[in-house]
Every structure is written in structure tokens, then in C-alpha cells.
Amino acid sequence: MKTITDDTTSNTLDQSLINFILGPFLKHLASFQPPTGAKAVSYQPPEATSLAYALIDKFVSLKRYHAAFELFQTLSDCGHVPPEAFLPEVPSPLAHDFAVILRSTLARACLHWGWHHRGVGFIASIMKSQDSLKQDLEPLALELLHASLERCSPAQFKACTWLMCRLVDPRCGIIIPTNTIHLFYSRALRVGDCESACVFYSHTRSRRVKTMKDYPSPQGATLTWLMTYLVGQKHDKHLARSLAKQVVDTSEPIPRYDRGRFIALTASQGFSTEARVLWERYSVGHGHEFVVRNAATMLRVVSLFTRRDSWTRTRPESRVRAPRVVEDTDEKKKTDYSRFARQVLVAFRESILPLEAANHFDLSALARGYFMLGEMAEGLRPFRVLIGRREIPDRHDINIALSAMARQSPRAACQIMDRMVDQGLRPDGVTFGTVLHEAIVHGDAELVTEILDRAREAGVSLSSKTMVSLIQASVAVGGGMDNERLKANVRQAWEVVRTTRERSAVHTPNVGKCCIVACLHLEDPVMAFNFWARLIRGKTEWGDREQRKQRRAIGSLVRRHCAEGRLDVDRARAMLLALGDRGEV
């Protein structure tokens, strides 16, 4: 009988087998009678009763209403459908539907017996058949859902996720209580289902749902847990930004021990506004040390704001409209970005004073922070402290020093790498990646090739971050690169994207954007669409102005190639449809 109820197909049940089993099964059910009196309080029906409930749902799905009603009548006669499951009157026109009456009655019976997830299944079956849920069933659905979330298994949790996504849809018009929302995220953390939590959060942040109800973000430990998944595995920059912005806008409290990590994750995605607000919010008052003294947080924030400062100085319009410029003692222009970066670094430095007592990791982080700000002399002081304590700098320290040197002269840093080899130190992927990144920034193509050859000879694998830098540099339009070379680089970049794991740092919208620009320059709509579909679709905000412009550019090129006969009409139509363009090819 359990095999029949577990069968996910709808038309393959052997009718003769069902007819053969159903008669004896009905007699078997009739032999069970619930006790009366005090024993009735703790009574739990046998497993056969639960199977009968599931079989009724199956029969209704197959439109075998006579068999379903016969089984239901047997359960009712033997007392396994409690009286309170029956409603005295039909409350809504929808409930005149036989399937809805049967399923809703059994759902209320499930609530009585404590079979909460079985009850959720009946509500889900109603939703699937009617595509909605009337208001009279709302209290029952929400009570069953909440109770099921308290004790559900990982598989049952996915079923609850599906139902919640349907309930919050405006077509259904049901508001899920806040305590149930928080219970959902808490259970997601307990069963380790990041994907379901992400799916539901994405659903609640859609415009259609937000017009009806602005649902809360996760809270407590689930907040940073979800952000870690969005950034580190899902690479969904749009949803990560939405979560960070919601935390800022609603002042959702972050647990003390998670504050530093949440801010670091926010900064790692380039969300400067949110990262700054959160740092300023939690860098004062009780528990401020969890943010101010967090080396990883400091490095992420300083790196973000020094990059923003550099971008502000170099962009053409900065000559006309620069953000809040002040003069420092060296008579150099400092933007608000660089001042904030220095504020974060100074706060970290003060939190680890005296430097002579600071641990090795904090001193290395301090040095790296100063190097990011371009203050070489200050960056060397922590290393002097280490040497004064007779602590031998490790490879991590050497890589930090190399990054500072490479920023000034990649070739000089490459010579230091040679000396490391002579001294018996084997450069690792970070060492090669550090010098390689700066060689790319300096536009030294010859040195880039040389470093890649050395890394290959040494058998060193480059990190995903290094691969990202390589791809972005190799597909950059301009710089004297001819189209044939650019075309080869784009094909090579696609092979890297195609063969790396989805969770790799290569699979990010920023990489996709660079590759698409190169494809549009080469007038290759197919490759542009491939990069968009693999790296951008579903990971950015669909309505963003830049994304709309990007999709229009790809669509326009698709149409032109189709008109010229260089692209198949059916393929062009499928690409345009995916891009959200429903016009004629």
C-alpha cells in the first residue's frame, strides 16, 4: 500500500491491483476502533490509518472519487476522522468542490492527530488543483505549516518551502505571520538547506510580493549564514545586495559574534554604502571590538574604499564633480572614501595596541592595510616588530610585502620571487597571483606570460581570484589588441567558465560583464548570450538600468545577425525570449 501512495506518477497504477488490495484493506481499517475515556487522550492511530489518508489524496488526484469516498467513509465510521474535522456548513463556493471538501477535512483531522506534515500535503494538493487557497482555509494552512516547520525532516522542509512560496504569492493573498517566517529560516539552518532559504527569500523580495507584504529578513545566526551562501556559493550579487540593504534599512540586529563577518561579506561584494553604515553602527558601543578588532573585516573594508577612492580619482567626470574633497598635510586630495578607509585602519591599529603585544596575524593584517593605502613606511613597521621579537616572517608575510612591492614595480617583485627560490622558499599560488595581478594592472603582457610559464613549470595552481584577473585583462577592449587575438581570448575565457565549478569566483556577474563587452565589440551575439546566460541571468536585478541596456544590446545584435542570415531564426527567437524581448525577430 505504501508503494502505491509513494508512486509519483498519475496514470500508471494497476487498476486490478488496487481493486484487489482495496477490499481487504478496508476490512483491516474497520477492525481498528479508537479507545474511549481517559485512554483516548493519548491514543495514536496505527500506521495503516496514516497510509489510508495518503491513499485518499492519491485517489482524488487520479479522480477515482468513488474509491476515495469509500475509504474516507470507512475511516469516519471507525472513528479515525474526528468529529471536529467536519465543518457544520460549507463556508465558500470553492468548498463545494468534492476534492477540496475531502482534503480540507482530512487536513483538519491531521491537525487533531498531530500529523502536521501530512496535513501540509493536503493543503499543497488543494493549492495545486485550485492554484489558490480561499480565506476560510487560511488559519488551518498556517497552523499546519507552523507546526510542521517545528519538527520537519530535510525532505519535508522542501515541501514546506514550496507551500510558503505559493502562499505569499499575491494571487493567493495570504500573509504568513512573522514568527512563522523566522521559524522557517531557523529550520533551514538546522537542516542545512541553504538553497530553499535562498529560494524563499528571493521570492519575498520580488516586487509582486513586496506590494502586498514586506517580509522580514532572517534573524540571528541565520542572517550571516544566508549571506555567506549568497556570496560564497550562489554568487547572487543582486540578492546579497538586497539582504544587506534590508538589514541596513530595517536595522535588523546582527549577533555580536557575526557582525565582523557580515560586514566583511558585504564589503567583499562592493556594497560600500551598506558596509560603511554597518561598520559605523557597530564600531561603537557594547561589543564594538567584534568589528573594530576583526582583521578580516578591516582588510575587506579598507580594500573596498581604497579601490573606490582610486576609481573616483581616475574617472573622467571626477574633474568636474568629485565627492567632498579636502586637503591633507601633504597637500594631496583625499576623497571621503580614503578618509573612511584610514578611519577603519586606525581604529583597528588602536584596538591591538601595544603593537609589541599584538599577535602575528594582526600585525600582518595591519601591514597589509597600510600597503593598501600606499603608506609603505607605516606598512613596514609591523614587520620590524616581528623581527624585533625574533619571529621569522612566513610565506604569508612575504606575500604581503610582495604585494606592496608589486604595486610599485611588478618586475622588481618578480626578481624577489627568484631570490625566494634561491633561498629554498617555494612560491605558492598566492605569491604568483599577487605579482601576476599587478603585472596585469601595469599592462606588462610580457611579464604576465613569463609568470604564467613559471607557475606552470613549478606545478602551482592559480587561485580563482587570479583567474578572474586574467580573464578580465585578456578580454579588455582596447590597448592595441587586434580582434583576432581578442576573439581567441574570449573563446579561452568561455572554456574556463564552462569547465570551472558553479561556485567558483569565476562565475560572477563582473566577469560576465567584461566578457559581454568584448563579445559585443567582436559582434558575436551567440557568445555574448552564452556569457549572459551562464554568468548574469538570475544573479543580478532584472530591472537594473545597466542590465536592461546590456540585454538590449545583445538583442539588437541577435536581430541583425538573423536578418543577415548569419543566425538561425529559431535559435534567435529562443535567445530573444530568454533576454525578455518578445518582439518579432
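The legends below describe close-up views of a predicted model.

**View 1. Helices α19 and α21 run side by side, with axes that come within 10 Å.** Helix α19 covers residues 360-372 and helix α21 covers residues 395-408, and their axes cross at roughly 5 degrees. Because angles under 35 degrees count as roughly parallel, α19 is described as roughly parallel to α21. On the α19 side the contact is made by His360, Ser364, Ala367, Arg368, Phe371 and Met372, which meet His396, Asp397, Ile400, Ala401, Ala404 and Arg407 of α21. Sorted by type, the residues of this contact comprise six nonpolar, three polar and three charged.

**View 2. The largest nonpolar core of the model contains 117 residues.** Within this core, the residues that touch the most other members are Tyr53, Ile56, Leu71, Leu133, Leu149 and Leu167. Helix α5, which spans residues 98-113, gives the most to the core, contributing eight residues. In soluble globular proteins, nonpolar side chains tend to be buried together.

**View 3. Ile56 is shown with its contacts from elsewhere in the sequence.** When neighbours within four places in sequence are left aside, Ile56 is in contact with Ala68, Leu71, Phe72, Leu75, Leu102 and Leu106. Apart from the core of 117 residues lies another core, of 31 residues, whose members include Val511, Cys515, Trp532 and Val558.

View 4. A disulfide is a covalent bond between the sulfur atoms of two cysteines. A search of the whole structure finds zero disulfides.

Terms used: Residues are numbered from 1 along each chain as its sequence is written. This is a predicted model: local features need pLDDT of at least 70, side-chain atom pairs count only at pLDDT 80 or more; totals for chains, interfaces and linings use all residues. Side-chain values use heavy atoms; hydrogens and water are left out. Axes are lines fitted to C-alpha atoms, for helices over the stretch in contact, and angles run from 0 to 180 degrees between N-to-C directions. Helices (H or I, at least four residues) and strands (E, at least two) are DSSP runs, numbered from the N terminus. Angles under 35 degrees count as roughly parallel, over 145 as roughly antiparallel, 65 to 115 as roughly perpendicular and the rest as oblique. Contact means heavy atoms within 4.5 Å. Ala, Val, Leu, Ile, Met, Phe, Trp, Tyr, Cys and Pro count as nonpolar, Asp, Glu, Lys and Arg as charged, and the others, Gly among them, as polar. A nonpolar core is a set of buried Ala, Val, Leu, Ile, Met, Phe, Trp, Tyr and Cys residues joined through side-chain atoms within 4.5 Å. Buried means under 20% relative accessible area, exposed over 50%, partly exposed in between (1.4 Å probe, protein chains only). A disulfide is a pair of cysteine sulfur atoms within 2.5 Å.
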